[in-house]
Amino acid sequence: PEALYNTAYADFSKGNYALAISGFEEYYEKFPATALADNALYWVGECHFSQGDFTEAIKSFDRLLEAYPESDKAAAGNLKKGLAYLEQNEVGQAIVQLRYVVSEYPKSDEAKIARDQLASLRAAP
């Protein structure tokens, strides 16, 4: 499992997003109960986000949040969902998502980023 995950992460780091998605998906399918399964789903979302495929990114982050609601990647997944909505110019949905990050993870780095985004949109946190 570790080699598969590390290879997929290396592909992500090099910008080989299609290969990374394939590797992370394979990891998740074969090892859904491992400590890195939630991370694998998160990185699938990051790959889609990095490719500008924000609809697929949102779907991937939703998969992560549904399968692993208590994940250490939940704050980041929720934040990236908000940023993906912004990229799609779905400002209302982005504001809702960013406010969720602030309310659910108030002391996190993600909440700080969400607050900054909300301020730039002139929306109350």
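## A pair of helices

The model shown here is predicted. We start with helices α1 and α3, which count as roughly parallel to each other because their axes cross at roughly 20° and angles under 35 degrees fall in that class. Helix α1 covers residues 2-13 and helix α3 covers residues 37-50, and their axes come within 11 Å. The crossing of α1 and α3 is left-handed.

Which residues make the contact? On the α1 side they are Tyr5, Tyr9 and Phe12, while α3 brings Asn39, Ala40, Trp43, Glu46, Cys47 and Ser50.

## Histidine 48

Let's stay with helix α3, where histidine 48 is found. Is histidine 48 buried or exposed? Its relative accessible area is 11%, and since buried means under 20%, histidine 48 counts as buried. Apart from neighbours within four places in sequence, histidine 48 is in contact with Ile21, Asp53, Glu56, Ala57 and Ser60.

## Glutamine 97

Our last stop is helix α6, which spans residues 91-104 and holds glutamine 97. This residue has a relative accessible area of 7%, so glutamine 97 is buried too.

What does the side chain of glutamine 97 join up with? A polar contact of 2.8 Å links it to the side chain of asparagine 78. Setting aside neighbours within four places in sequence, the residues in contact with glutamine 97 are Asn78, Lys81, Gly82 and Tyr85.

Notes:
Residues numbered from 1 in each chain as written. Predicted model: local features only at pLDDT ≥ 70, side-chain atom pairs only at ≥ 80, totals over all residues. Heavy atoms only, no water. Helix = DSSP H or I, 4+ residues; strand = E, 2+ residues; numbered from the N terminus. Buried < 20%, exposed > 50% of the residue type's maximum accessible area, 1.4 Å probe, protein only. Polar contact = N/O pair within 3.5 Å; in protein donor to acceptor, adjacent residues only side chain to side chain. Contact = heavy atoms within 4.5 Å. Axes fitted to C-alpha atoms, helices over the stretch in contact; angles between N-to-C directions. Parallel < 35°, antiparallel > 145°, perpendicular 65-115°, else oblique. Left-handed = near helix turned anticlockwise from the far one by under 90°.
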